[in-house]
Amino acid sequence: MADSDEEYVGDVTEDEDDFPVARNDRTRSGKRKQRGGAEWELSRTWETLVEGADGTISSTVEGLLEAGKRKRLLKDTTPLQRGIIRHVILILDLSQSMSEKDLRPTRYLLTLRYAQEFVREFFEQNPISQLGVLGLRDGLALRVSDMSGNPTEHLTAIQSLKIQDPKGLPSLQNGLEMARGALFHTPSHGTREVLVIFGSLLSSDPGDIHHTINTLIGDKVRVRIVGLAAQVAICRELCTRTNGGDETAYGVALNEQHFRELMMDVTTPPASYSQKQSASSLLMMGFPSRTVEARPSLCACHSKPSRGGYLCSRCGSKVCSLPAECPSCGLTLILSTHLARSYHHLFPLMNWAEVLWRQASRSSACFACGLSFPVVPPEDQWQVTETHAKGMSVSSRYECITCHNHFCIDCDLFAHEVVHNCPGCQSNSVGASHNESDMPDRMDTTV
Amino acid sequence: MNSVDASEHYELGAIDLAPSLLTVVIDTNPHAWAALEDSLPLSKAVANILVFINAHLACNYANEVAVVASHSQKAAWLYPVPNSTSDREGDITMNANGAPAQMNKYRPFRVVEEQVTRRLKDLMDSTSSDDLKGNTSTMLAGALTLVLSHINRRTIAWAEEHGGASLEDAADSGAGSGANRYSASNDDERLQSRILIVSVSGSSDSAHQYIPVMNSIFACQRLQIPIDVCKLSGDAVFLQQACDATKGIYMALSEPRGLLQYLMMAFLPDQRSRRHLVLPTREDVDFRAACFCHRRVVNIGFVCSICLSIFCEAPPGGACLTCGTELDIGEYDVKPALMKRKKKKKKPANGTSAAGTPVSTPTPGP
């Protein structure tokens with residue numbers, strides 16, 4: 001364990017800002033109201049460290065590590081109705097205040113870097129959505145890149161901002177009006193969202209911003225703001241009112257890590273609150289197959305000769321790229337893989353339950369990767385080890401509540417974050433609940 | 001964290017490139033193999049695959065291999081076997097069999113061969129004819145998920161041993177950024193993993209696993225693990241998409257008897273070598289999807305605008321079967337309005353008949 005020292009430092013600092021948030025997740029919005037928006041609270045992480053029997057804190061540290069991993073994945077698995085076809089405008093503050101160096105290297109450069117990461121992650125999670133980028137500089141709203149579904153366009157546009165300097169004052173109103181204009185014509189079955197990265201404490205507006213807020217509400221645009229300095233009353237009002245009273249849409253970054261988390265939260269498709277907010281409809285779509293022809297022919301979209309392309313599944317005309325609307329018959333053509341990317345939101349994998357020592361003897365190794373679990377200690381030691389951090393399993397085993405197989409923490413993490421499949425459920429066709437004997441016991445372990 | 005340590009760095013510079021992990025998914029669906037009996041029986045195919053695995057192991061002393069069988073009702077590990085006393089088993093069985101012919105065989109070859117054949121035999125013995133009745137599919141999604149879990153485990157373990165690049169990623173993610181934890185960075189320093197699927201089943205059999213299969217494919221895409229498909233029979237819509245998405249090789253063998261030749265020539269090079277090769281791949285890709293309602297493979301579908309579920313026909317009652325939203329069906333699937341055919345009347349007796357039959361206003365109902 002040459003690296004144990006390093007990890008210890010790294011992870012305790014992580015806990016400093018993560019733990020209180022995790023603990024207060026439910027009461028979060030209520031508390032914030034009382035405290036006037038201050039999101040942090042003093043946490044004494046050193047007090048949670050308990051010396052083990054051997055006089056070291058390694059067991060506690062390992063526990064914290066595992067609990068940290070676990071916390072990340074205990075997501076809400078309720079299948080909410082989410083707006084998957086999204087239209088998002090990202091507004092970046094490019095004003096003077098962004099040259100502050102309280103976020104390293106500067107607010108400006110960090111924001112641009114995270115904005116690029118955001119674009120990538122956004123299209124990873126929302127492949128059929130549209131994004132546009134605006135900037136606020138010199139009291140004007142600046143069009144950085146137009147609404148499009150192509151991530152590389154946005155990335156290059158944001159990249160080109162890096163050679164410029166932040167300048168002047170921002171105008172929130174101008175930015176919002178321009179965003180509203182860009183979102184105005186978007187179809188009603190998609191969402192309309194604005195994400196503002198706001199580093200200033202003021203907004204120099206040409207008119208009444210409250211009027212703009214009212215029109216935003218009328219156009220069903222939801223605004224989320226990530227503040228970099230301190231909470232600003234108008235931002236708070238803006239977020240609260242455009243999100244139907246939900247205050248969590250406004251967050252002020254505490255540090256670089258928190259800033260990133262706040263931004264990346266937006267990549268998850270938002271839950272739809274009311275049935276009538278979006279007119280849902282059944283869309284007819286074609287899933288064309290890619291063909292390569294022996295000799296070039298003209299494509300229907302640009303009239304350019306090409307050999308490869310996609311043939312419309314209804315009328316057979318050739319288009320060069322997807323997603324597109326068939327120029328001759330008007331059918332929406334889309335890659336089925338684009339749709340399939342979002343299905344794990346639809347059918348989320350249930351969180352796995354912790355396994356107490358009582359049930360642990362059923363397995364000796366992880367079902368998926370074959371990693372050996374710690375052996376079950378004698379019964380009288382069970383209580384001693386059960387004082388670990390919440391959310392982690394005493395026996396290092398995690399049980400899928402459908403197929404009742406046991407997995408290790410790494411497979412748990414991997415299954416929930418990357419594959420979105422349960423290795424156990426997928427490997428046996430009929431659920432294969434062959435060990436029914438300890439069923440009643442198992443019921444009380446599922447928290 | 002090791003990468004912070006200076007001494008580790010020097011070692012890193014000295015070692016050669018990372019070894020590769022080959023994972024083979026063998027589709028052992030008995031129905032499909034029975035159809036191939038004349039040209040390539042399963043036993044022969046397994047022998048060919050074992051030769052191929054040996055070739056892979058011989059490329060680099062540190063190369064690794066894993067084999068999973070995607071059977072008709074379950075997916076099972078063939079090698080390495082979890083929950084067992086691991087490598088030692090090779091010795092035991094050899095002593096039990098007392099086969100002197102095996103004595104001079106390179107040990108890694110022998111261990112893999114013995115375990116795979118034995119586990120496959122166990123798997124076949126445990127399959128009863130009842131299991132096969134009315135079940136012609138194969139557990140491809142399960143096999144892929146198992147394989148991915150194994151790759152994940154091996155990548156973590158390898159990075160811990162060697163202080164490779166992915167450890168840095170893991171350290172990053174320890175600070176909370178789960179997103180880029182799995183996005184692969186400098187790939188030369190990671191364990192190079194790839195997946196080879198030897199597939200025999202048709203695609204319509206696996207349509208009910210559409211979502212899990214696609215989930216696995218996206219996971220591979222994210223981890224930059226190529227999926228190679230060696231198709232012996234049938235067509236595979238989703239596997240074509242898998243190869244296309246992960247930049248793997250798709251080959252449908254016209255002559256299954258030449259399996260070994262194809263494997264050796266097309267599938268043996270690892271990712272690093274592939275950069276310099278012109279690969280046999282498929283340019284026309286079937287991008288059809290499976291509908292959620294009848295598990296049909298369709299090329300035109302109805303998509304719910306809320307949850308993007310695909311239906312092959314407008315769902316009854318206009319409610320989405322997945323999310324339950326009332327959907328505005330619109331003008332789809334509506335027969336063109338029929339004009340009432342005018343009755344030909346021979347005698348133009350009344351001038352009024354042209355405007356339909358002028359009847360008296362119907363009696364209002366009670």
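View 1. Helix α8 (residues 165-174) of chain B has the lowest confidence in the chain, at a mean of 40, while helix α3 (residues 42-59) of chain B has the highest, at 92. Helices here are DSSP runs of H or I with at least four residues, strands are runs of E with at least two, and both are numbered from the N terminus. Chain B averages a pLDDT of 75, with 72% of its residues scoring at least 70. The model itself scores ipTM 0.74 and pTM 0.69.

A word on reading the labels: residues are numbered from 1 along each chain as its sequence is written, and chains are lettered from A and ligands numbered from 1 in the order in which they are written. As this is a predicted model, local features need pLDDT of at least 70 and side-chain atom pairs count only at pLDDT 80 or more, whereas totals for chains, interfaces and linings use all residues.

View 2. A residue is buried if 20 or more other C-beta atoms lie within 10 Å of its own, exposed if 12 or fewer, and partly exposed in between, with C-beta atoms placed from the backbone. A:R222, A:R224 and A:V226 point one way, and A:V223, A:I225 and A:G227 the other way. In a regular strand the side chains alternate between the two faces of the sheet. β4(A) pairs with β5(A) in the parallel sense over six bridges, where two strands pair if DSSP finds at least two bridges between them. Within this pairing, A:I197 stands opposite A:V226. The chain runs from β4(A) through α8(A) to β5(A) in a right-handed β-α-β crossover; right-handed means that, with the strands pointing away from the viewer, the path from the first strand over the helix to the second runs clockwise. β5(A) and β6(A) pair in the parallel sense over three bridges, and A:G227 stands opposite A:V252 in β6(A).

**View 3. Helix α9 of chain A and what covers it.** β5(A), α9(A) and β6(A) form a right-handed β-α-β unit. In helix α9 (residues 233-242), the buried residues are A:C235, A:L238, A:C239 and A:T242. Seen down the helix axis, these buried residues fall within an arc of 90°, so they line one face of α9(A); the arc is that of the directions from the helix axis to the C-beta atoms. An α-helix has 3.6 residues a turn, so residues three or four places apart point the same way. Elements covering the buried residues include β4 (191-198), α8 (209-218), β5 (222-227) and β6 (250-252) of chain A. Just after the helix, A:G244 takes a positive phi of about 65°.

**View 4. The nonpolar cores.** A nonpolar core is a set of buried Ala, Val, Leu, Ile, Met, Phe, Trp, Tyr and Cys residues joined through C-beta atoms within 7 Å. The largest has 130 residues, of which B:V25, B:V68 and B:V147 touch the most other members. Helix α7 (residues 140-162) of chain B gives the most to this core, with ten residues. Leaving aside residues up to four places away in sequence, B:V147 touches B:T23, B:V25, B:A66, B:V68 and B:I195. A second, separate core of 53 residues includes A:I213, A:V232, A:A253 and A:M264.

**View 5. A three-stranded open sheet in chain A.** The strand order is β13-β14-β15, with antiparallel pairing. β13 (353-354) and β15 (406-407) are the edge strands, each pairing on one side only. β14 (residues 398-399) and β15(A) pair over two bridges, and A:E399 has A:H406 as its bridge partner in β15(A).

Definitions and conventions: Two residues are in contact if their C-beta atoms, placed from the backbone, lie within 7 Å. pLDDT is the predictor's confidence in each residue, from 0 to 100.
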